[in-house]
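Here is a short note for someone opening this entry for the first time. Please keep the sequence and the 3D view at hand while reading the points.

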Amino acid sequence: MDVINESKRFSFDQKKTLASTTVGFALENMDSMFLSFALSSMILSLHISPAAAGLTSTITNLGKLFGGLLFGILADRFGRVKIFSHTIFLFALATGLLFFAHNIYEIYLLRFLAGVGSGGEFGAGVSLISEHFQGFKVGKIISFSAAGGQMGGIMAAIIASIVLPMFGWNTLFLFGLIPVALAYFIRRHLKESPVYEAEVQKNHKLPHVSFSELFKTPQLAWQTIVITIMVIVENAGYYGLMIWLPTIMQKQLHVSISKSSLWMIATIVGISLGMISFGYIMDKIGPRVAFAFFMLSAAVAIYGIAIAHSAMMLLVFSALAGFYGGFGAIISRLYPTNIRTTANNMIMAIGKSVGGFSPVLMGLLMAKFSLIEIMVFMSLMYLIAVVAMLTLKKLRNFNHGYM
């Protein structure tokens, strides 16, 4: 039974939770893709190097690290909804203000603030889903929400193909304000997680939260470190690919900005289908085998991008490279309620901030190495992540976790 058919069993609160998280993920993806499409125009108009342009994505992810650590603790202590309902406004405001940015330093500042706002989005969102959907296989539900969030990337591609040639990159970021009204409407009456409320009532007080809880035992510490490594590798591949793919298409295949934007739509659709497939496969055969299969596939696909000589080949390989996700599902299952959002946000924030150095690193490497050499290095990172993941014995007994 797929998520659409299964939704007949969902309560109104469950449907609202799923819708609100999907809108939040869509907004974040739309913003990330706006930056991707605007990158080549920024380089030309601001007369900056590719490395300086790639640094905008890295700074965004450093903001996500700060915001993720801060809002993860706050969400576990004061509630998921309170944090989830307000971070979007800081994120959207910083995105919209890029319209007025006229130098790279203003862009860096606003991208950092946007990252801070979006940093609390993921952990609170997936915690709400996992806690609202007890009794369901959350892998496919979270994957469905994440894939729905990719629609933000499709919106960005459509808007970019129209706005960039006519108005320039500054105007593009004004459209980052569009989902705010919808997100606010959906979240107005969103209820707190029943699991979280039960935790508070059981202890008769707000929970005490500390990052040290994620490293309380050697086994838990190793689990946290390995999952963080996996997230770093995934984000290094994802951001390196998504930020530079339009530029690679423009240079390697000699296509226009508008056509590269439209090809990115097809790529995002492929990634979305991969995310949904991963959720179903993980629920069916377990995360250990599913992650190993998809990370190995990504390692091959990343190399394939470097040797692609047509837009269709580039489309197939780039879609395959995004064929997994699912971290929210395993983190929510492997960590208890009192540190669940902290775990999600800390692991994802570190993964995004460290992996976020990929675009600026690729910008630097492009000046000295061929695309094939760069992609071989990225493929090796996926292989290292597979080896590390196979050491997590608890993933074998995934269905016996905290949920």
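1. A term comes before the details. Buried means under 20% relative accessible area, exposed means over 50%, and partly exposed lies in between. K216 has 60% relative accessibility, so K216 counts as exposed. Bear in mind throughout that this is a predicted model.

2. K216 has a charged partner. K216 forms a salt bridge with E213, and the closest N and O atoms are 3.8 Å apart. E213 counts as partly exposed because its relative accessibility is 23%. The total count of salt bridges is four.

3. Other charged pairs sit inside. R80 and D76 meet through their side chains in a salt bridge of 2.7 Å, N to O. R80 is buried, with a relative accessible area of 0%. D76 is buried too, at 0% relative accessibility.

4. Now take R340 and E131. Their salt bridge has its closest N and O atoms 2.8 Å apart. R340 lies in helix α18 and E131 in helix α7 (residues 121-132), so this pair ties together parts that are 209 residues apart in sequence. R340 is buried, with a relative accessible area of 0%. E131 counts as buried as well, at 1% relative accessibility.

5. The axes of α17 (residues 327-334) and α18 (residues 340-355) come within 9 Å and cross at roughly 140 degrees. The two helices are therefore oblique to each other. Their crossing is right-handed.

6. The surface has a nonpolar patch of about 470 Å². L296, Y303, I372, V376, L380 and L383 make this patch. Helices α15 (287-307) and α20 (371-389) each supply at least two of its residues. α20 gives the most, with four residues.

7. Y382 and V300 are 82 residues apart in sequence, yet their C-alpha atoms are 9.3 Å apart in space.

8. One backbone angle deserves a look. Most residues other than glycine have a negative phi. H47 is not a glycine, yet H47 has a positive phi of about 55 degrees. H47 is in the loop between α2 (12-46) and α3 (50-78). H47 is exposed, with a relative accessible area of 72%.

How values were computed. Residues are numbered from 1 along each chain as its sequence is written. This is a predicted model: local features need pLDDT of at least 70, side-chain atom pairs count only at pLDDT 80 or more; totals for chains, interfaces and linings use all residues. Side-chain values use heavy atoms; hydrogens and water are left out. Patches are made of residues with over 30% relative accessible area and no salt bridge: like charges are joined within 9 Å, nonpolar side chains (Val, Leu, Ile, Met, Phe, Trp, Tyr) within 5 Å. Accessible areas come from the Shrake-Rupley method with a 1.4 Å probe; for residues, only the protein chains shown count as cover. Axes are lines fitted to C-alpha atoms, for helices over the stretch in contact, and angles run from 0 to 180 degrees between N-to-C directions. Angles under 35 degrees count as roughly parallel, over 145 as roughly antiparallel, 65 to 115 as roughly perpendicular and the rest as oblique. A crossing is left-handed if the near helix is turned anticlockwise from the far one by less than a right angle, and right-handed if clockwise. Buried means under 20% relative accessible area, exposed over 50%, partly exposed in between (1.4 Å probe, protein chains only).
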